[in-house]
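Here's a quick briefing to read with the model open beside you. Take it topic by topic and click along as you go.

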Amino acid sequence: MVLVFACGTKTYNSERTRPNVLFISVDDLRPELGCYGKSQILSPNMDKLAAEGTLFERAYCNVPVCGASRASILTGLRPNPTRFLTHKSYIDVDAPNVVTLPQHFKRNGYLTLSLGKVLHNWADDALQSWSEPPWHPRVFEEGNAGRQRLNYQLDVNKDKRPPYERAEVIDTAYLDGKIANRAIRELQRFAESDQPFFIAMGFVKPHLPFNAPAKYWDLYDPDKIEFPEFMEYPENVPDEARHNSSELRTYDDIPKEGPLSDAMARSLMHGYYACVSYVDAQIGRVMKELKRLGLEENTIVVVWGDHGWSLREHGLWCKHSTFDVAMRAPLIVKTPVNKGDQRVHSLVEFVDLYPTLCDLADLTKPSHLQGDSFTYLLGDPDANGKEAVFGRWQNADFMKTRQHGYTEWFSEDGKSQARMLYDHLIDPNETKNIAQKQGNADMINKFSERVEELRQIE
């Protein structure tokens with residue numbers, strides 16, 4: 001039997017019941033890739049994928065922290081003042097009765113797999129969404145020392161917690177090489193099956209600590225690594241926008257407060273770049289096997305970072321803010337039928353991924369979804385998209401329009417405490433908060449009303 005499916009403005013035929021989905025997350029990946037115009041980063045495989053698919057230039061997460069962002073994406077629900085607040089967010093706790101993205105595909109005949117770091121809390125949602133128990137590299141299992149969870153330890157680093165590591169090891173010595181190997185084995189299994197698959201796979205780098213095989217460090221000359229253009233807090237920034245980059249402060253050789261030395265900052269940036277190239281190589285291995293097996297022609301591929309990351313912009317490190325550098329993240333979508341080498345300038349948000357994949361796979365959309373499908377942008381990348389996207393971090397609500405980035409902080413009883421507004425057309429680095437600028441009052445009131453509406457959504 002041959003079925004015909006709509007996808008964007010085209011159709012394609014498949015002898016399988018529906019197209020496969022390869023859903024690839026990359027932890028802490030900011031849109032600092034060659035395909036995003038950042039030539040200092042070597043990311044040939046993600047660049048190739050973007051050239052074959054559609055790159056979204058202005059994709060935004062809905063919450064800038066791993067656990068909450070991933071829970072929001074997989075449920076299709078926005079964070080609110082009582083849901084998806086921190087890295088410890090659990091779907092089983094915050095949205096226990098919601099049909100998740102993989103669960104919906106499972107109910108529609110897909111075999112669904114979770115490989116690596118898909119949900120931050122890997123025991124979360126383990127029973128309903130996946131056809132088989134979620135798989136993680138062996139070092140994630142109980143009984144291993146916490147210091148070994150995310151990094152390969154050299155003897156010199158025993159009982160230490162370094163923020164980065166350059167080791168003369170093969171790719172599979174670290175977790176992401178193991179995750180790519182497992183994904184390749186699963187693809188080989190599906191090449192012999194007629195059952196459609198939904199494989200969610202999550203790479204753990206470039207999350208701290210910045211550990212990668214030496215060959216990826218050697219791709220970069222540390223003396224040529226440039227610091228951001230703007231490394232100060234913005235003018236007129238409210239105190240609520242400041243943070244201590246606390247995630248980084250837990251590592252050895254990092255001061256507990258105050259700025260980092262230029263030498264340490266350069267080493268961290270070097271490590272981040274190395275990790276991006278390391279993950280890029282693993283994605284390349286998986287995509288090469290997908291093509292070799294003949295599965296590429298019937299598989300939707302999505303590559304996304306769960307949020308952005310600060311590399312000394314505003315003097316900050318890590319995520320945990322509503323600055324644009326923390327809220328904006330990479331998104332690349334490749335389908336079997338849409339034209340390649342497309343760039344979408346319209347705004348999209350990660351809560352849109354669930355309904356989009358439903359449309360691409362010709363599945364009905366559950367009624368609880370709070371995002372909007374952007375399938376039409378795959379068929380017409382120049383079409384008008386959303387006027388605004390929304391997010392939140394702890395007690396702050398974020399709104400991004402085509403021109404402005406707006407944040408408003410609220411007290412526990414719901415009273416407005418502070419505001420931040422940037423005009424991204426003239427101030428893309430967010431150097432000056434213009435929330436109090438004369439003449440902006442009407443705009444501020446309009447934005448405030450919009451974020452208040454979102455705060456009320458359950």
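Arg78, Glu349, Asp352, Asp372 and Lys386 are tied together in a network of salt bridges. Keep in mind that this is a predicted model. Across the model, the salt-bridge count comes to 28.

**Salt bridges worth a click**

- Lys117 and Asp27 pair up through their side chains, with N to O at 2.4 Å.
- Lys117 sits in the loop between β5 and β6 (164-167) and Asp27 in the loop between β3 and α1, so this pair ties together parts that are 90 residues apart in sequence.
- Both partners, Lys117 and Asp27, are buried.
- Arg189 and Glu132 make another salt bridge, their closest N and O atoms being 3.0 Å apart.
- That one also links distant parts of the chain, with Arg189 in helix α5 and Glu132 in the loop between β5 and β6, 57 residues apart.
- Arg189 counts as partly exposed at 35% relative accessibility, and Glu132 gets the label partly exposed at 28%.
- Arg189 also forms a salt bridge with Glu186, where the closest N and O atoms are 2.6 Å apart.
- Glu186 and Arg189 are both in helix α5, 3 residues apart, or about one turn of the helix.
- Glu186 has a relative accessibility of 6%, which means that it counts as buried, the cut-off being under 20%.

**The sheet**

- Seven strands make up an open sheet with mixed pairing, in the order β5-β7-β3-β9-β12-β4-β13.
- The edges belong to β5 (111-116) and β13; each has a single partner strand, so one side of each is left without a neighbour in the sheet.
- On average, neighbouring strands of this sheet are turned by 15° against each other, direction ignored.
- Strand β3 (residues 20-26) runs parallel to strand β9 (residues 299-305), and 7 bridges join them.
- Within that pairing, Val26 stands opposite Gly305 in β9.
- Strand β4 (residues 54-60) is mostly covered, with 6 of its 7 residues buried.
- β4 pairs antiparallel with strand β12 (residues 331-334) over 2 bridges, and parallel with strand β13 (residues 342-349) over 6 bridges.

- α1 lies across β4, β9, β12 and β13, and runs at about 55° to β12.
- α2 packs on the sheet too, touching β3 and β9, with its direction at about 165° to that of β3.

**Helix against helix**

- Helix α5 (residues 175-190) packs on helix α8 (residues 262-292) at an angle of about 10°, with the axes 9 Å apart.
- Angles under 35 degrees count as roughly parallel, so α5 and α8 fall into that group.
- On the α5 side, the contact residues include Leu175, Ala180, Ile184 and Leu187, and among those they meet on α8 are Tyr278, Val279, Val286 and Leu290.
- By class, the contact of α5 with α8 has 9 nonpolar, 4 polar and 4 charged residues.
- Helix α1 (residues 44-52) also comes up against α8: their axes come within 7 Å and cross at roughly 55°.
- α1 and α8 are therefore oblique to each other.
- Pro44, Asn45, Met46 and Leu49 in α1 meet Val276, Asp280, Ala281, Ile283, Gly284 and Met287 in α8.
- That contact of α1 with α8 has 7 nonpolar, 2 polar and 1 charged residues.

- Why look here at all? Because most residues other than glycine have a negative phi, and most peptide bonds are trans.
- Lys205 and Pro206 are joined by a cis peptide bond, with omega about 10°.
- The peptide bond from Leu208 to Pro209 is cis as well, with omega near -10°.
- Pro206 is in the loop between β7 (197-203) and β8 (210-213), and Pro209 lies in the loop between β7 and β8 too.
- Phe84 is not a glycine, yet its phi is positive, near 55°.
- Look for Phe84 in the loop between α2 (66-75) and α3 (91-94), where Phe84 counts as buried at 1% relative accessibility.
- His314 has a positive phi of about 60°, again without being a glycine.
- His314 lies in the loop between β10 (310-311) and β11 (317-318), and is buried with a relative accessible area of 4%.

Methods
Residues are numbered from 1 along each chain as its sequence is written. This is a predicted model: local features need pLDDT of at least 70, side-chain atom pairs count only at pLDDT 80 or more; totals for chains, interfaces and linings use all residues. Side-chain values use heavy atoms; hydrogens and water are left out. Axes are lines fitted to C-alpha atoms, for helices over the stretch in contact, and angles run from 0 to 180 degrees between N-to-C directions. Helices (H or I, at least four residues) and strands (E, at least two) are DSSP runs, numbered from the N terminus. Angles under 35 degrees count as roughly parallel, over 145 as roughly antiparallel, 65 to 115 as roughly perpendicular and the rest as oblique. Contact means heavy atoms within 4.5 Å. Ala, Val, Leu, Ile, Met, Phe, Trp, Tyr, Cys and Pro count as nonpolar, Asp, Glu, Lys and Arg as charged, and the others, Gly among them, as polar. Buried means under 20% relative accessible area, exposed over 50%, partly exposed in between (1.4 Å probe, protein chains only). Two strands pair if DSSP finds at least two bridges between them. A salt bridge is a side-chain nitrogen of Lys or Arg within 4 Å of a carboxyl oxygen of Asp or Glu.
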